[in-house]
Structures are given as structure tokens and as C-alpha cells.
Amino acid sequence: MITAVTGSTGFIGQNLVRRLLEAGEKLRLLLRRPGLPEGLTGRPLETVLVDFSDRLSLEDALQSCQRVYHLAAYARSWARDPDIFYRANVEALKNLLSACLRAGVNRVVQVSSCVVSGPSRDQPVTESQGRSNPHYFTDYEASKAQAEALIPDFLSQGLEIVIARPTRVYGPGPLTEANSVTRIIKYYLKFRLAPMLDDGQQIGNYVYVDDVVDGLKLLMDRGRSGEAYLLGGENITLAGFYDRLFEVSGRRALKLKIPGSLALKLARLEATKARLFRIPPFITESWVRTFLENWAFSHEKATRELGYQPRDLKEGLRQTCLWLGYSL
């Protein structure tokens with residue numbers, strides 16, 4: 001049985017490929033450009049170049065594949081052309097699922113995002129709740145919601161699809177924008193600075209990358225088709241996150257409190273710079289507003305139905321610090 005993986009060169013994707021290889025799976029990686037990262041070279045992998053705007057290209061690449069993990073996405077905070085979020089996250093999924101039907105693929109795990117569920121209020125958000133805030137903060141968030149809206153049509157045509165909604169993922173992997181939490185950890189350890197909005201009391205949910213990978217495999221093997229599963233870890237304020245990092249590393253850092261109003265003003269200045277000089281902004285207003293909200297989530301459904309068991313935050317931080325080269 002051949003399993004296809006898109007987004008295999010990304011943060012979660014690289015870790016997923018290694019986990020699937022360890023499990024003895026035969027893999028075909030669907031790549032948008034040639035070349036593999038160093039950690040995947042020399043592995044028993046089949047690679048195929050695809051164009052996600054070309055359904056025939058995808059259909060050819062999926063021949064003889066029974067299962068697909070779809071992780072490819074545009075997951076950045078800004079784009080010169082905002083339409084790229086729709087093309088990469090919505091149209092690409094539609095083309096992939098259409099190709100899956102024609103190529104005879106049985107089952108797909110679509111990696112979405114917890115942001116589709118919206119921010120939390122008094123209690124952690126679950127999969128059964130409707131979104132409490134109808135406003136989408138970012139183009140990325142809106143595109144992921146639009147992508148999920150495509151899925152019922154393909155379910156009705158007989159394709160099995162399970163939706164994963166990871167929270168804030170951290171841990172070993174390329175220090176790209178998708179791995180921003182680990183970049184924050186490295187910044188804390190190196191410069192002894194802990195930047196936060198206001199007093200850092202906004203809640204986030206943090207999950208170690210290996211736990212997300214285990215969750216994706218559980219979804220493929222046992223998840224109910226048509227269902228979404230939050231793959232999260234621990235809910236904690238950003239200030240509390242830094243406190244845990246201090247407990248693990250023994251390295252105290254200065255908590256740099258940035259007023260939310262000041263961050264919004266800086267983001268507007270960055271937007272002007274980006275518009276005039278076509279330089280990616282350091283921060284964006286939409287992401288500042290995102291991080292001024294609470295994003296607490298419950299992974300109880302995945303635990304109850306699939307046996308998903310993420311490690312606690314302190315253990316994940318310990319492993320991340322060691323991977324970054326800091327002795328504890």
C-alpha cells in the first residue's frame with residue numbers, strides 16, 4: 001500500500017515522513033519543487049513533482065496510492081498577493097480531492113488548523129461547538145475555513161476524509177514561520193528576553209510536534225470519516241509558558257511587556273512599509289489581534305476516540321531545549 005504525503009518538506013511534514021518510515025510504510029512524496037531537506041535524503045522514498053493547480057498532474061502522481069496526508073499549505077502571516085492563501089489552501093485542496101477520487105484513493109487526512117474553530121471564551125473550544133466569533137482575523141484563517149467547507153461534497157462522492165486541527169506546534173524541525181513557537185524558545189534561551197503582549201495573559205494551546213504526528217497517524221488509522229479532531233496539548237498563558245520554560249531551562253529572562261495598542265500601531269507602520277517597498281512586515285495587524293485573543297482548546301475527543309495522549313508542556317520544552325543544544 002502506498003501512502004502519499006504533501007507538504008513533506010515542512011515542519012510537521014518532515015517529522016511525519018520520518019515517523020511513517022519508521023512504521024514501515026511505503027511513501028510517495030508529492031513535491032512542488034525538486035529536492036529534499038537534508039533529514040530526508042537517502043531515505044527509501046519515492047518523489048513526484050506536482051502542480052497543485054493541475055488536476056491531471058495530481059491524478060498521475062496519485063496512481064496506486066490508497067491514502068493521502070495533505071499538509072501542503074501557505075501558512076504565513078503575510079503575502080504580497082493575498083490571493084495566494086486561497087489558491088494554496090482552498091483551490092489546491094479542491095484539485096487534490098478531485099484527483100483522489102479519479103485515482104482511486106480511499107482515505108485522506110486533511111491537516112487544517114485550530115484557528116478554524118475560533119477563539120475561546122470561558123471554556124476550551126471543542127469540535128462540536130460552532131465558532132463564537134464569525135470574524136476571521138487573518139487570510140490564512142479564512143482560507144482554512146473555506147477549505148474545510150469543500151469537504152462535505154467529496155464525502156458525498158465516497159471519499160473518506162478526516163480533518164486534523166493542530167494547535168500551536170513546537171519542537172525539533174526547520175525554524176520557519178510555521179515553527180514560530182520554537183523560534184520564540186530559541187530567542188528566550190539565547191537573548192534572555194520574553195516578549196509578550198500586555199501582561200501575557202492571553203491563553204494559547206501548545207503541542208509538541210511528535211504528538212501531532214502521532215495524532216495524524218491515529219486519524220488515518222482510526223479517525224471517523226467526516227469528523228474533525230483537535231490535536232492539542234496544554235492550555236496556558238504566554239506568561240505561564242515562559243515560566244515553564246524557566247523551570248525547565250533554569251534560564252531567567254526579562255519579560256518584555258508590549259502594550260497591545262503599541263503593537264497595533266507598529267503593525268500599521270509595517271503595513272505601510274510593506275505596501276511602499278514590498279518588504280514583508282515584521283508584524284501584521286491581523287496577527288496582533290489574533291494573539292490578543294484566547295485560544296484554549298480541548299483534545300478530549302481525540303483522546304477518547306483514538307487514544308491520543310500528548311506529553312505535558314514541561315517535557316516537550318525539555319526535549320526542545322536539548323534539541324536546540326542547551327544543556328539542562
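Predicted model: local features only at pLDDT ≥ 70, side-chain atom pairs only at ≥ 80, totals over all residues.
Hi everyone, thanks for having me. Let's start with Glu-127.

Now, is Glu-127 buried or exposed? Glu-127 is buried, and yet it has no salt bridge. The nearest side chain of opposite charge belongs to Lys-301, and that is 5.2 Å away.

What does the side chain of Glu-127 reach, then? It reaches the backbone nitrogen of Leu-230, at 2.7 Å. Leaving out residues up to four places away in sequence, Glu-127 touches Ala-228, Tyr-229, Leu-230, Ser-298 and Lys-301.

Take a look at strand E6, which covers residues 160–166. How many of its seven residues are buried? Six of them are, so E6 is mostly covered. E6 runs parallel to E5, and five bridges join the two. As one example of who faces whom, Arg-107 stands opposite Glu-160 of E6. To get from E5 to E6 the chain passes through H4, and this β-α-β crossover is right-handed.

E6 has another partner too: strand E10, residues 228–231. These two also pair in the parallel sense, over four bridges. And here Tyr-229 comes back: within E10, Tyr-229 is the bridge partner of Ala-164. Tyr-229 is also among the residues that Glu-127 touches.

Conventions. Residues numbered from 1 in each chain as written. Heavy atoms only, no water. Buried < 20%, exposed > 50% of the residue type's maximum accessible area, 1.4 Å probe, protein only. Lys, Arg positive; Asp, Glu negative; His and termini not counted. Salt bridge = Lys/Arg side-chain N within 4 Å of Asp/Glu carboxyl O. Polar contact = N/O pair within 3.5 Å; in protein donor to acceptor, adjacent residues only side chain to side chain. Contact = heavy atoms within 4.5 Å. Pairing = 2+ DSSP bridges. Right-handed = clockwise from strand over helix to strand, strands pointing away.
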